[in-house]
Structures are given as C-alpha cells and as structure tokens.
2 protein chains.
Amino acid sequence: MSTLIERLSAVLGERGLIADRGEMAPFVTDFRGRMTGAADAVALPANTDEAAAVVAIAREHNAAIFPLGGNTGLCYAAVPTPAPGRPAIVVGMSRMANLRAMDRAANVVTVDAGMTLARVHELAAGEGRQFPLHLGSEGTAQIGGLISTNAGGTGVLRYGPMRDLVCGIEAVLPDGSVYRDLDALRKNNTGYDLKHLLIGAEGTLGLVTGAALRLRQPNRSFAHGWISVTGPQAAVELLSRLQDRCGDAVEAFEMLNRAEVDCVLRHIPRTRLPFETTPEWSVMIELAHTDPDADLVAALEEVMAAALEAGLADDAIVAQNEAQAQDIWHIRHSVTEAHKIEGVGIVHDTAVRNSAVPGFIAAADEMSAKLFPQARVLVVSHLGDGNVHYILMFPHDYWRALPDGEAKALEVEMAVHDIAMRFGGTISAEHGIGRKLTSELQRLGDPVKLAVMRQIKQAIDPDGMMNPGALLG
Amino acid sequence: MSTLIERLSAVLGERGLIADRGEMAPFVTDFRGRMTGAADAVALPANTDEAAAVVAIAREHNAAIFPLGGNTGLCYAAVPTPAPGRPAIVVGMSRMANLRAMDRAANVVTVDAGMTLARVHELAAGEGRQFPLHLGSEGTAQIGGLISTNAGGTGVLRYGPMRDLVCGIEAVLPDGSVYRDLDALRKNNTGYDLKHLLIGAEGTLGLVTGAALRLRQPNRSFAHGWISVTGPQAAVELLSRLQDRCGDAVEAFEMLNRAEVDCVLRHIPRTRLPFETTPEWSVMIELAHTDPDADLVAALEEVMAAALEAGLADDAIVAQNEAQAQDIWHIRHSVTEAHKIEGVGIVHDTAVRNSAVPGFIAAADEMSAKLFPQARVLVVSHLGDGNVHYILMFPHDYWRALPDGEAKALEVEMAVHDIAMRFGGTISAEHGIGRKLTSELQRLGDPVKLAVMRQIKQAIDPDGMMNPGALLG
C-alpha cells in the first residue's frame, strides 16, 4: 500500500492526494449521508495527464478506481466499495474545472470534467448562448458526473438528456490510454461511437476527464400557464395539441396530482394557489422560443381555450407577468422540500412512454391502495418524457414503528417497478442504477442486454478496475 | 454447403431464399456497379424470428452474414466479401417492410428494418407529423441501412443524423439472440446504450431488424433565400447571425462555390440564376417553423440586410413565392447530376467544425492547385454541419489518358483527407467507411479508438461473422 500511495504522491503532489482517514470522509460518503464506503486514497488530479498516470499506477497495483464528480447522485454510484483486500482510489475531479475552449461559431464549449454545471451556464450566457440542462444540484454537479449518469432534469422534453447535449468526450480508459474525441463534429461516421458508450456508463468503462458541449441560442419569448385537467389521459391529449400548435416551443410540461400540490401548499411558505380549490390533476406549462416576436401567450391561450371547450380541462390560467409565472414554478420546484416535512417518501424514478402514463398511474394506484394503504400517493411527472416520480408517502409515526424500514422500502420499490415493466417502462429514467438498483436491474433487466453489457465491460475493463460494484453489481 | 442451403430453405421457404447465381447478381453488386462480391445464398427473412434463425444456422456452419438494405450506399458496406472457403449469406431485408405500431401521442412509429424512408415519410404525414431525414435515395434506402450507416442528408443541421432520430432498435446479435429495445422511452438510464453502438456499426455487430423512430411536428412557416457572400468566413458569420435571430428555425444552410453553380447552370435544364453574374460564394438558406404565424420572411430579410450592411455579402434575394424557392433548390439538388456530365469528379465526404471550414477550404485549394492543376475545384457544403463535399473535377479526356485511374483517385483522396485531419476533421462525415475507406481509417484513425472498436467487435462477434471486411477491414 505504501508504495501505491508514494507513487501517487510523486505524480500528484501534496494538493493532489489525500490519504488521511478523516480528510477522506466526505469523499467516501454520499451527500445525503446514507451510504459510506472506504478508500485508501483520494486522488485529485490537476489535468488529464495526471489522471492517466493515476489509472496507470492503479493498474500496476491492481487497485480499483472510483470516479467522483460533485457527489450529488441519488443512487450511490460514487460511493467506493472495493472488494476486501483490493486497494481503492477515489479519483475526484474538482481540481479539473477549467474552460478549455469556447467556439461560438460552432456553438461548442470544451471544458474539464470537473467544471460545475452552473459554471457552464455562466460561460454560455457570456456568449449569448445557453446550455439547456437544468437540475436542482447544478451549483455542485460536475460535467463528468452528469455525463456518466446521463443526467436528465427539466429540459429533456425539448433538448434531450445529457447524452443529446454532449458532442465530444475525453476519458482515461482502464488500460491507462486516453481516448480523445473533442473535435465535436456534427457529422462523423468513422466507426462505433464510443462517446455514447461512456455516457451513462456510471464510470464503469473509463474516467471522463473532459467534454465538448453543444450550446443553443437562448429563448427570448415565453409563456407560462397552469391548467386543471380532468386526468392523466386528458394531459396526454393536451400535450399532443400543444405540440401540434407550438412544436418545439413546448419547454416544460409537468403534471402533479392533488395530493402533491396540497403537500406543497401545506408546508412551503409563499405558495399561492391561483384556483379556488386544488385541481385533481394539474399541468404546469412553459412555452419558450428563440424568436423575440413569437406570441406564445396567444398560442397558449388558444390551446387552453380549445382544451376547456373539448372537456379536457375545467380551469386554466396563463401568467400575465413574471411574478405570476414565478408563483407557478415556485410550487413545482418546492416538491422535494415539502416531501421531507410531510413524511417518509419512497420516491421512484420510473418512466414509460408518455402515451402509457395514464395506464401506469392507474395500475400503480390500484396496487398502492391494496398493498400500502398507510401511504398517500403523490405524483409529480415530467409528462412530456413519460417520467413519473411516483411517490408513496408514509407518515413519520408509521415508519418509525416499522421493524425494518429498508425492507419495507424495497418491498414498495419492487411493487412499483413491476408495474413500470408491465407498461414497457424503466426502473430508472434519469437517476441511474448506481449501487442502489443493481439487484433490481438484474431482476428486471433484459437478459440479452445485460449479457452484452457484461461482454463489453469484460472487453474494455477485463480486471474490473473501474468503479466495481456500480451498475453491473 | 448443401446442408446450409437446405436448412435455410426449410426456415425461409421458396420466396425467402435465392441460391441461383444469376438471380443473386443484383444482391452482390453495389448499385453503381463499381464493386461485385460473392455469396452462396441470399436470405430474405419475412420476420424477426426468421432473421434470427438465419443467423443461428449461419453460426452452426461458420458462415458469414452480409446484411443488405436498399443497396444505396456509396462505400460498398453491403457488398459481400467472404474469406476464401467461408460460406457467405446475404441477408436482404426487403420482405420486412411492415408498420408495427404508430403511437401519435408519443410521437413514435415502430417499423420493420426493411421499410423505405419514403414510406416512413408517408406514414408520418398521415398522422400530421414528419420524419425529418431527407436524402436523394429515400425511395429506395431502408431504415435498417440508414441506421447501420447513421445516414445524414440535408436535415442534420436542425434535426441531427439518423442517430438522433432513432429511439429504439431491434437486432439479431451474432450469437443468434435478439436484442429488443423498442420501448422508445425518452428517458432510460439502465446501463450502456447498445442502440448507439449498433447505429453506425455498418452491420458489424448485428443485423438490425426493427426500429422505433421519433416523429416531429411538421413545419408550417417557411422562408427561402440565396445570398452572395464574400467568402466562407462570411458564410460562417452569417450562419451565426441567423441562428442568433432565428434559433432552431434554420432548416438548411448550404454553401456552393462559383465553379459548382456554373457547372449546374451549364448542364442542367431549367436552371435560372437570380443574379446578373454567378456569385463567388453562394449560400442557400431555408428557414422553417412549426408555428403557422412565424414571419420567417421578415426575419430572413432582416438578417440579410444586416449582412449586406456589414459587408459580409454583396447581393441577396429572398424568394417571394413557391416558384422562386423551387428555382433555388433546383440548382442545389442538381449538383450530382451535373457532376456526371462535367467530368470525373473525385468527391470527398469530409467534415470539420463549421468554424474550421474556411481554413480547411483554403488549405485544400492550395494543395489542389499545386498537386492537381488539371482539376477544377467544386465545393458544395452543408456548412451548418461543417460537412464539405470537396470535389476535384477532372476533364474526361485527361482521366481517360491516365494509366491507372484508381491510383490517381486514391492519391487525391489521401491528400484531401490529410488536410481534413489537420483541421480536426473526419474522412467520412455521412457516407461511412464501408469497404471503400478501411485502409484510410487505419491510416488516419485514432489508434486508441480503433483498439477499443476491435475489443468491442471481438467481444460481441468473436468469430467475425457479421459483415466481415466492412468498417474494421
């Protein structure tokens, strides 16, 4: 071990290596403090050469590498879990946070993997552009982690997940070689697209050290609304009508059930309901467009009026100013905070096609009422993506009295996952598998796909050196 | 051999198997008649089960599988070239041309791999949607081939290549198992995305049998223009200004040099130049939007006026009616036909970032003038994608007098490819590698990438059964 540490130290210097147990603590525990791993050292390379050297040294010592980004993941993909006796190195990317190049004409920015998402937003804005990935942890989440987990968020409906926004990757492969694909060409048909293999691989195939990201023109026209629809099926139909009328301008289309909105109203200050009573099903809409002259408010009013006429909805408001728009989105964005106060929520990251959302919710409701009558069901859905965060909210008292909370949580999760699979869906829409869902992936995943994944892992990382324990278990 | 044919015949029936040399001829030669291969049988499965059975039988006989779509490829990826003594089966997909499912609410159509692109366009239009991949051969090209070659075309600037339009794939893998990923979820983070590995793999990892395709809303507002810019750098700047003003509405942005436009005017009937003299550099523009009320003509006029003012251009027209718009695009779309009459054109499918296009063209011009003074240089570029079809056009007489035309063609190609690489570009933007560019890929490709490609090929297809000779050589 001492040789390993010495060799790392020689490459990384004092600032680049932590081997003290106390100092390592924040690097081996997930940010919510739910899972703690162990490592022999935390390497903080300052550049790609150092990162490649760390991997090469690890290889010589048969050490495992555990990549760490901003540590904001929800599935413990970044918690180091080495096999007994195998040396473990956490490789944190926080010192690699530089801008490498801005190419405004090509709409491409090239950055180190350790740059935060918020910093990318700033850089894009400085050039009159936007980088349209948005999620709660953007001040902390790093580009490398967002790539490795193929992060989603609220912009997927229009812009796609991280996968669709990355146009180049640099990564250290398990053999210590560096894959450099930062040319960021819009068209390049010269063989297998390895970029797409690394995206969403949760660090199991290589250590992402840099990326080229595609920038977009910023939006300059907006409209915001909240419509009380008669149910999930009406919401699907409304989305279709909205897309027919406004095409790409549909920026957000979020559906919440009454229990979810009431939960927020109950716990979060400065929340205002623009209706007399809470709608059974709410849809919150944002339209946005680059054209400064687009009259999106008129378009939204037109579609809403037609939806009311057609009986898809019974009430609707269009924000008349910025403050009213903020009131709508304040409620939507306060969901997670409200949940913490309300009780113990077992949150799922299921997705089906948006056309299958009504059936999925109905089946899940039936199951929940039967198997978990103690729970209230909250629904918050990125409906445009078919992504349903289906939540069983248990009272604190009930949960505290359980003999084994974890077993109960797993019971709930398996029941909801079974229903997602029945509707052609997925057990992880945007959070990934990490170390949380490996057994569920083995239980429910397509055996053909899992077999090919193992073949690829074996081919690229035959010694199981990169993030062992994550994704493939 | 007779056992192999008998077993295939038992599965496929009379309509599904061709073993007669004469009848096989069109299946073993590329559509331009430039390259002919050989096979022992042509299998035409009627469904996925039959396709899987063909692969399983081939495996038992150590036969090679050569997938065949519409046979419109330009790089011979579908010409069967078995190793001496190894049985060879061409698997044509023409009998698998059915619609499997239309899901309008999810904007997804699921089809057999043998369906033509034109048929997909019809199906989409029937639902008030579009499938925005467009290329010359769309009446013949099949979805499976378009996936396997990650086809490009004229819509890439806005909609991306085939890769960005496919949301699910079904494929028979070399071991005979069937990978089924047709759920077409917008969000699904459950491991390596094998779909992206099969896209652009040119049939070397599996036989694509079905696909789920993402539909878009159709455009309902349009504007068309032709602007005489002062050079490629001005064209890049104009594109940036246009995107600043119109964002996603930039549907096409095509740049041609004077020699290219003159070539078309000389040879193609009913071509009308809307300027007094042919511009040194032409940019042809289409704006399009789903919003029926978008005033794109005004936006285009505004950007063009500013470009003239700024000295980026010296003349410009905006089409005032459909006929004028057609006149512009008639010239653009007649390029290939005009080339055939003009002489022997050595066409390249290079791409660099659009910001690097001016430097690439200048360097290529310098090289061409020095090394190939007999050739006239024609340039037609999907500038928005950085894709430059750089063409050295040799007079028929000169070419006929050469002792070895193929050697000269290779000399030209290598010289242009070297320059593309110097500008961080690619030797194949949209046509693929096939059997035409394998040696160039080995010569110029990133060794790290090539090594990983071979690892993956070895892992998934250890016996080199799927389309041997293509892509990896």
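Begin by selecting A:Tyr398, which is placed in helix α15 (residues 396-400) of chain A; helices (H or I, at least four residues) and strands (E, at least two) are DSSP runs, numbered from the N terminus. The model on screen is predicted, so that local features need pLDDT of at least 70 and side-chain atom pairs count only at pLDDT 80 or more, while totals for chains, interfaces and linings use all residues. Residues are numbered from 1 along each chain as its sequence is written, chains are lettered from A and ligands numbered from 1 in the order in which they are written, and side-chain values use heavy atoms, with hydrogens and water left out.

A:Tyr398 is partly exposed, at a relative accessible area of 22%, where buried means under 20%, exposed over 50% and partly exposed in between (1.4 Å probe, protein chains only). Leaving aside residues up to four places away in sequence, A:Tyr398 touches A:Gln374 and A:Lys408, contact meaning heavy atoms within 4.5 Å.

Now turn to chain B and select helix α1 (residues 2-12) with helix α3 (residues 48-60), whose axes come within 10 Å and cross at roughly 165°. Axes are lines fitted to C-alpha atoms, for helices over the stretch in contact, and angles run from 0 to 180 degrees between N-to-C directions. The two helices α1(B) and α3(B) are therefore roughly antiparallel, the term for angles over 145 degrees. Their contact is made by B:Leu4, B:Arg7, B:Leu8, B:Val11 and B:Leu12 of α1(B), and by B:Glu50, B:Ala53, B:Val54, B:Ile57 and B:Glu60 of α3(B).

Finally, display both chains: a rotation of 180° with 0.0 Å of shift along its axis superposes chain A on chain B (RMSD 0.0 Å), which is the relation of a two-fold axis. The superposition is by least squares on the C-alpha atoms of residues with pLDDT of at least 70 in both copies.

Methods
Parallel < 35°, antiparallel > 145°, perpendicular 65-115°, else oblique.
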